[in-house]
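This document leads a new reader through a structure, step by step. Please keep the sequence and the model in view while reading.

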Amino acid sequence: MPELPEVETMCRGLNKILNLGKNKERIIIEGMEFKRGNIRSKIPQKQLRSIIGQKLLPIRRRAKYLIFPTEMGSLLNHLGMTGYWREYNGEPLLKHDHFLINFSNGKALVFNDARRFGVIDYLSPQSEASNIWLKHLGVEPLSTDFNAEYLFNKLKKRSGFLKNIIMDQKLVVGVGNIYASEALFLAKVHPKKNANKLNLKMCQSLVISIKEILKKALASGGSTIRDFRQAGGELGYFARELKVYGRSGQVCTACASTIKSEILGGRSTFWCPKCQKK
DNA sequence: ATTAGACCCTGATCGC
DNA sequence: TGCGATCAGGGTCTAA
């Protein structure tokens with residue numbers, strides 16, 4: 001389900017629901033309920049319970065992870081493919097509701113994840129840089145660390161299809177299967193171009209395209225392809241803006257050629273054979 | 001050290 | 001209507 005725009009949208013939605021962030025409301029984690037012992041990995045119930053009673057700081061995002069921070073440690077969450085949070089008001093639980101957390105302001109959240117590719121883990125204080133889930137992550141795509149020189153220096157050491165490489169979270173985080181295809185279309189580069197064949201100028205163009213596509217998707221609340229919902233239940237409206245993803249056999253919006261698709265690295269990949277050059 | 005492929009799991013959809 | 005095959009926005013592990 002979620003790439004950077006969807007995870008960031010979820011993050012902002014949760015802070016809004018809880019009234020965290022701008023205003024200074026003091027919210028204490030009051031309790032947790034574990035409906036399953038494990039999803040993708042074991043949920044460390046004892047460690048997580050240690051932050052009950054702590055003040056919740058504003059929820060933030062690192063790569064495709066959500067962090068619910070307190071001064072005594074944090075809850076770390078990855079949405080996997082089908083994970084989502086919603087506000088919980090005491091109604092009967094849904095299938096695949098795995099974890100609930102409630103707060104001193106009367107609010108509660110529930111985490112649902114049908115495929116259980118998501119993660120719920122404990123992050124000890126000040127250990128973000130060395131945490132097992134976070135330590136291999138590359139730069140944030142919307143930061144100035146992600147620039148043409150950085151990308152060029154990384155790509156020249158890599159081989160393989162460019163599209164697969166820009167989805168590598170060790171290089172740059174947050175770019176997943178939809179926005180990889182979309183960014184390459186915007187940059188007019190073929191997904192099967194060999195990664196180490198990009199010159200600095202093309203890297204500059206690709207960096208700009210990745211930032212632009214992620215920013216625009218974020219501004220629309222992400223993309224709902226099948227089941228993504230914002231924390232408040234709203235759709236992600238960027239799906240209608242997609243130029244190549246999911247449009248195999250349809251007409252290119254720029255040149256009227258037929259959009260092609262192929263499985264690369266196990267993931268469906270879409271491009272315009274005329275607009276995008278190897 | 002990199003890279004391609006299998007694998008984790010459930011649900012929706014498609015073709016027969 | 002039913003049933004199997006296929007596919008899905010994630011990442012990890014293994015083998016080459």
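The paragraphs below treat the contact with DNA, then several helices, a hairpin and some individual residues.

This is a predicted model, in which local features need pLDDT of at least 70 and side-chain atom pairs count only at pLDDT 80 or more, while totals for chains, interfaces and linings use all residues. Residues are numbered from 1 along each chain as its sequence is written, chains are lettered from A and ligands numbered from 1 in the order in which they are written, and side-chain values use heavy atoms, with hydrogens and water left out.

Around DNA strand B stand Lys95, His96, Ala114, Arg115, Arg116, Phe117, Arg158, Ser159 and Arg226; a residue counts as near a molecule or strand if one of its heavy atoms lies within 4 Å of it. Of the atoms of DNA strand B that come within 4 Å of the protein, 60% belong to sugar and phosphate. The residues of the surface near DNA strand B comprise five charged, two polar and two nonpolar ones. In this classification Ala, Val, Leu, Ile, Met, Phe, Trp, Tyr, Cys and Pro are nonpolar, Asp, Glu, Lys and Arg are charged, and the others, Gly among them, are polar.

Arg158 places a polar side-chain atom 2.6 Å from a phosphate oxygen of DNA strand B.

The next element is helix α3, residues 148-155, whose buried residues are Ala148, Tyr150, Leu151 and Leu155. Helices (H or I, at least four residues) and strands (E, at least two) are DSSP runs, numbered from the N terminus. Buried means under 20% relative accessible area, exposed over 50%, and partly exposed in between, with a 1.4 Å probe and protein chains only. An α-helix has 3.6 residues a turn, so residues three or four places apart point the same way. The buried residues of α3 pack against α4 (162-166) and α6 (200-219), where contact means heavy atoms within 4.5 Å.

Helix α5 is mostly covered, with 10 of its 11 residues buried. Its cover includes α1, α4, α6 and β10. Asn177 belongs to this helix, which spans residues 177-187, and is buried at a relative accessible area of 10%. The side chain of Asn177 makes a polar contact of 2.5 Å with the side chain of Lys163 and reaches the backbone oxygen of Ser268 at 3.0 Å. After α5 comes Lys188, whose phi is positive, near 60 degrees.

Strand β10 (residues 267-271) runs antiparallel to β9, and five bridges join them; two strands pair if DSSP finds at least two bridges between them. Within this pairing, Ser261 has Phe270 of β10 as its bridge partner. The two strands form a hairpin with two residues between them, and Gly265 in the turn has a positive phi of about 55 degrees.

Arg247 lies in the loop between α6 and β9 (260-264). Arg247 is buried, with a relative accessible area of 15%. Leaving aside neighbours within four places in sequence, Arg247 is in contact with Leu242, Cys252, Thr253, Ile259 and Phe270.

Two further loop residues have positive phi values. Asn19, in the loop between α1 (4-18) and β1 (29-34), has a phi near 70 degrees although this residue is not a glycine, and is partly exposed at 37% relative accessibility. Gln126, in the loop between β8 (119-123) and α3, has a positive phi near 60 degrees and is exposed, with a relative accessible area of 81%.

Note on methods
A polar contact is a pair of N or O atoms within 3.5 Å; within protein, one must be able to donate a hydrogen and the other to accept it, and residues adjacent in sequence count only if both atoms are side-chain atoms.
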